[in-house]
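Please look through the sequence and the fold below before reading on.

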Amino acid sequence: MSVNIANWKNILRGIRTRLSGLPSPSFDKLLLVPSVVYITLIIGAPALFLIYLTLTQDVFSLFLDTRFVGFQNIVAVLTTGDFWLFTGNTLLYTAGVLGIGIPLQLGIALALNTDLPYKRVWQTLLLIPWTIPFVISTVMWKLMFVPEFGVINYLLIESGLIEQQIQWFSGTWTAYFTAIITTVWIMTPLGTTILLAGLASIPEDLYEAAYIDGAGLWNQFRHVTLPLLRPALTAVLVIQAMLTLRGFEIIYTMTGGGPGTATTVIAIDIYQEMIQNGNAHYAAAEGLILVIMILIVLGIIVKGLSSDTELEVE
């Protein structure tokens, strides 16, 4: 027994000697460990499982009886069903949110970047929509759009803009409008905050120099503000495009994908195929295609806004 203990001591001593000879990791590399673990477990593992489901087809059990089918599920998604309709719905929904939301958020940020009275109060109130859970905000807006007793129809009728109630959830475009307005309201605090931080980082000397050179407000905005605001604007576009393209809870809670399938986006169809129809492999293939589509759209946004910043005054 004593011999075995001595042998173990020698083995441990040898291991410790070898480890002592290895270069010790620096502190900055140790700080990366939590991020690496998070990416591996929270992102990497589900991504691998998504690919596994996409490339296989179960016979009797999800894990015990599966067979490799290659890209068969992807081909099925692209050639059968209403995937392209849902893709168009997703892009239309995203375009509406960005087309309305970005100018609105930029305008609010520009207003808050001035000597506005009670500016701190307005900045605090701006964050309220972001603090409320998305589903609760959506339900609140849905109640306001209810034709029979919603406040939206009431205000429009009282102001004389309409004579009868608008059935917001019965028409395609009105249903889209309710989902887009709700999404914009929820995302405005984050986008405005990022843009406001970008505006605050622009030196005032540049505006003074542009003014001395004869630039008006429009030329200052065009040739000073926008070029220097490009990094913040890119961040806002990337974040909101990603959230909208993969968005589910807001539009599903608001319209349920209706009327019919008029507002059914890809994320809603993935939910229906996975949860309601139990077609995990089809849903996984659809999810993988959605991921690729999001990466392509984000790449286009980053590429389009990554040109060199140029300052010029006309």
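Thr56 is buried, with a relative accessible area of 8%, where buried stands for under 20%, exposed for over 50%, and partly exposed for what lies in between, with a 1.4 Å probe and protein chains only. Thr56 belongs to strand β1, which covers residues 56-58; strands (E, at least two residues) and helices (H or I, at least four) are DSSP runs numbered from the N terminus. Once its neighbours within four places in sequence are set aside, Thr56 is in contact with Arg67, Phe68, Val69, Asn73 and His281, and contact here means heavy atoms within 4.5 Å.

This is a predicted model, in which local features need pLDDT of at least 70 and side-chain atom pairs count only at pLDDT 80 or more, while totals for chains, interfaces and linings use all residues. Residues are numbered from 1 along each chain as its sequence is written, and side-chain values use heavy atoms, with hydrogens and water left out.

In the loop between α5 (83-112) and α6 (119-126) lies Tyr118, whose phi is near 55°, a positive value in a residue other than glycine; Tyr118 counts as exposed, at 67% relative accessibility. In the loop between α13 (249-255) and α14 lies Pro259, and the peptide bond that leads from Gly258 to Pro259 is cis, with omega near 5°.

Leu92, in helix α5, is partly exposed, at 33% relative accessibility. Although Leu92 and Leu245 are 153 residues apart in sequence, their C-alpha atoms are 9.7 Å apart in space. Beyond its neighbours within four places in sequence, Leu92 is in contact with Trp173 and Tyr176.

In soluble globular proteins, nonpolar side chains tend to be buried together. A nonpolar core is a set of buried Ala, Val, Leu, Ile, Met, Phe, Trp, Tyr and Cys residues joined through side-chain atoms within 4.5 Å. The largest such core has 38 residues, of which Val77, Ile102, Leu195, Leu229, Leu237, Ile266 and Leu290 touch the most other members. Two or more residues of this core come from each of α4 (72-79), α5, α10, α11, α12, α14 and α15, and α15 gives the most, with 10 residues. Apart from this core lies another, of 18 residues, including Trp141, Val184, Met187 and Ala267.

A pocket is found on a 1 Å grid over the protein atoms alone, as an open set of points where a 1.4 Å probe fits, with protein on both sides within 12 Å along at least five of seven lines; its lining residues have an atom within 4 Å of a point. Grid points are joined across faces, edges and corners, and the volume is the space filled by probe spheres set on them.

| Largest | about 390 Å³ | α15, 9 residues |

Of the 18 residues lining the largest pocket, Leu50, Ile270, Gly287, Leu290 and Val291 are the closest to its centre. At least three residues of this lining come from each of domain 1 (2-70) and domain 2 (75-308), bounds that come from an automatic or database domain assignment.
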